[in-house]
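Biologist: I am new to this structure, and I would like to learn how to read its features step by step. Could we go through them together, with the general idea before each case?

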Amino acid sequence: AAAQFHDLHATPAGVITGAQLHLQAAGCLLSERYFQESPPFWNWACLIGMALVGGLLVVWIRNPLAAILVAAGAIVIWMVGIVLIVNETAVLAGGFAGVLGLSLVVTTGEAYEFCLERLQRLRLHGQLSRSVSRDVAEAMVRSPDGYLDAARGGRRQVVVLFSDVRNFTERSERENPEVLVEQLNEYLTRMVEVVFRNGGTLDKFIGDALMVTWGALEDRPPQAMALAALNAAREMRGELARLNAKWERAGVASFEAGIGIHLGEAVVGEIGSRERSDFTAIGDAVNLASRIEGLTKMLEVPVLVSGAVADALDDNSALCAMGRFRVKGRSEPVSIHAAFLEEPARFREALDRLAEGDLVSAEGALGAIPDQGDFAGPARFYRRQLEGWKSVVPEERDGVVTLDTK
């Protein structure tokens, strides 16, 4: 057994000396027990049998993690069984083929199931995206439980944006419907792309108008929602300008749109019947956003936001005060601001004089505003309002515009 004699031999049980080989042979002779090779079909039988076991695991156990854990347990049991077979029968039965068969089938099966599920989710997401907003579809597909929690209903702080094409009904009565529908679809496609770029939820189309929300699916900081909505409004105006330039070159009449934005509390959830329902927002915040959008027609400005939106922004230098309004269905007045306009000092002075009840000074300031420009429309609106306010006693003049229509 000394190392210098180099009487060492490699065996399946490891490197042993020649003396140990002789002792092993003598032991086998005395006990009449010898190790034997496994049958020639053994490896193939193990491979096929364990592959069938793996196939059953993939079919019966739908949870991938559970299937992998059960497969690992089956491999441990298999190797223990191989050791017992060798010890009890002295047959050198190999276990690698069985491990290979089970591992390959389970791995391949779970990979196939993963790819199939991913394709199904993508297909489902594509189908849902045609019926609901992209982020709602993603919530349905990726986190069904989270979506169901939101769909049950609750109150959230949301920012609501309404955008409406002006005078579209009149145009639809006199223009080619095919051309008009194609033009409207192109317009809405561009607007929806802007909404999604800015993280908004497309709540619904209302004819030529669209309703967008921020914060309906999950709680978000008011400042972030207000800023995203304002950025979306800016980009929507830019996209519309590019579309109008394109349509004018093609000899097609252009579009003009008004945008109203408000931040407030709304009830959000899946609302509808058993046959059809939509994830949407309802409540005072939604109604007020719609009223603000309607004001864009009266004031002749493209984008209006509520005071709540202005207060939520760290930097509201892009906003100009338009006065205080008491909209239909609401007793409390709300301050309104125009976005992306250069405010003349004379208009601010006019609003200050109106708030003080000084109609004469307000009329003079409004008269100094040019008939062309961003504030020509608001000046015309307030000059019309002045005619009605002149009949109100000075003590009741508060500068709040009361609107009797939506």
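Modeller: Gladly, and please keep in mind throughout that this is a predicted model.

Biologist: At roughly what angle do the axes of helix 12 and helix 13 cross?

Modeller: The axes of helix 12, residues 345-356, and helix 13, residues 359-367, cross at roughly 165° and come within 8 Å. Angles over 145 degrees count as roughly antiparallel, and therefore helix 12 and helix 13 are roughly antiparallel to each other. The crossing of these two helices, helix 12 and helix 13, is left-handed.

Biologist: Which residues make that contact between helix 12 and helix 13?

Modeller: Helix 12 contributes R346, F347, E349, A350, R353 and L354, while helix 13 contributes L359, S361, A362, G364, A365 and L366. Sorted by class, the contact of helix 12 with helix 13 has seven nonpolar, two polar and three charged residues.

Biologist: Is helix 12 roughly parallel or roughly antiparallel to helix 14?

Modeller: Here the cut-off to remember is that angles under 35 degrees count as roughly parallel. Helix 12 packs with helix 14, residues 376-389, at an angle of about 20°, their axes being 12 Å apart, and helix 12 and helix 14 are therefore roughly parallel to each other. This crossing of helix 12 and helix 14 is left-handed. On the side of helix 12 the contact is made by F347, L351 and L354, and on the side of helix 14 by P378, A379, Y382, L386 and W389. The residues of this contact of helix 12 with helix 14 divide into eight nonpolar, no polar and no charged.

Biologist: Let us stay with one of those residues. Is W389 buried or exposed?

Modeller: A residue counts as buried when its relative accessible area is under 20%. W389, which lies in helix 14, has a relative accessible area of 14% and is buried. W389 is also 32 residues apart from G357 in sequence, yet the two are 9.2 Å apart in space, C-alpha to C-alpha.

Biologist: At what angle do helix 2 and helix 3 pack?

Modeller: Helix 2, residues 42-60, packs with helix 3 at an angle of about 155°, with the axes 10 Å apart, and helix 2 and helix 3 are therefore roughly antiparallel to each other. The crossing of helix 2 and helix 3 is right-handed. From helix 2, the residues W42, C46, M50 and L57 meet A67, V70, A71, A74, W78, I82 and I85 in helix 3. By class, the contact of helix 2 with helix 3 divides into 11 nonpolar residues, no polar and no charged.

Biologist: And what does I85 touch, beyond residues up to four places away in sequence?

Modeller: I85, found in helix 3, residues 64-89, touches W42, A90, V91 and A93 on that count. At 32% relative accessibility, I85 counts as partly exposed.

Biologist: How should I read a nonpolar core?

Modeller: In soluble globular proteins, nonpolar side chains tend to be buried together. In this model the largest nonpolar core has 40 residues, and those with the most contacts inside it are L161, Y187, L210, W214, F255 and I261. Among the elements that give two or more residues to this core are strand 5 (154-165), helix 8 (177-197) and strand 8 (257-272), while helix 9 gives the most, with 11 residues. Leaving aside neighbours within four places in sequence, L161 is in contact with residues including L210, W214, A229 and I261. A second, separate core of 31 residues includes V301, M322, A379 and V401.

Biologist: Which way does the phi of E300 point, positive or negative?

Modeller: Most residues other than glycine have a negative phi. E300, although not a glycine, has a positive phi of about 60°. E300 is found in the loop between helix 10 (284-299) and strand 10, and is partly exposed, with a relative accessible area of 37%. F340 also is not a glycine and has a positive phi, of about 65°. F340 lies in the loop between strand 12 (334-339) and helix 12, and is partly exposed at a relative accessible area of 30%.

Biologist: Finally, how many helices and strands does the protein chain have?

Modeller: The secondary structure of the protein chain comes to 14 helices and 13 strands, and buried residues make up 39% of its 406 residues.

Conventions: Residues are numbered from 1 along each chain as its sequence is written. This is a predicted model: local features need pLDDT of at least 70, side-chain atom pairs count only at pLDDT 80 or more; totals for chains, interfaces and linings use all residues. Side-chain values use heavy atoms; hydrogens and water are left out. Axes are lines fitted to C-alpha atoms, for helices over the stretch in contact, and angles run from 0 to 180 degrees between N-to-C directions. Helices (H or I, at least four residues) and strands (E, at least two) are DSSP runs, numbered from the N terminus. Angles under 35 degrees count as roughly parallel, over 145 as roughly antiparallel, 65 to 115 as roughly perpendicular and the rest as oblique. A crossing is left-handed if the near helix is turned anticlockwise from the far one by less than a right angle, and right-handed if clockwise. Contact means heavy atoms within 4.5 Å. Ala, Val, Leu, Ile, Met, Phe, Trp, Tyr, Cys and Pro count as nonpolar, Asp, Glu, Lys and Arg as charged, and the others, Gly among them, as polar. A nonpolar core is a set of buried Ala, Val, Leu, Ile, Met, Phe, Trp, Tyr and Cys residues joined through side-chain atoms within 4.5 Å. Buried means under 20% relative accessible area, exposed over 50%, partly exposed in between (1.4 Å probe, protein chains only).
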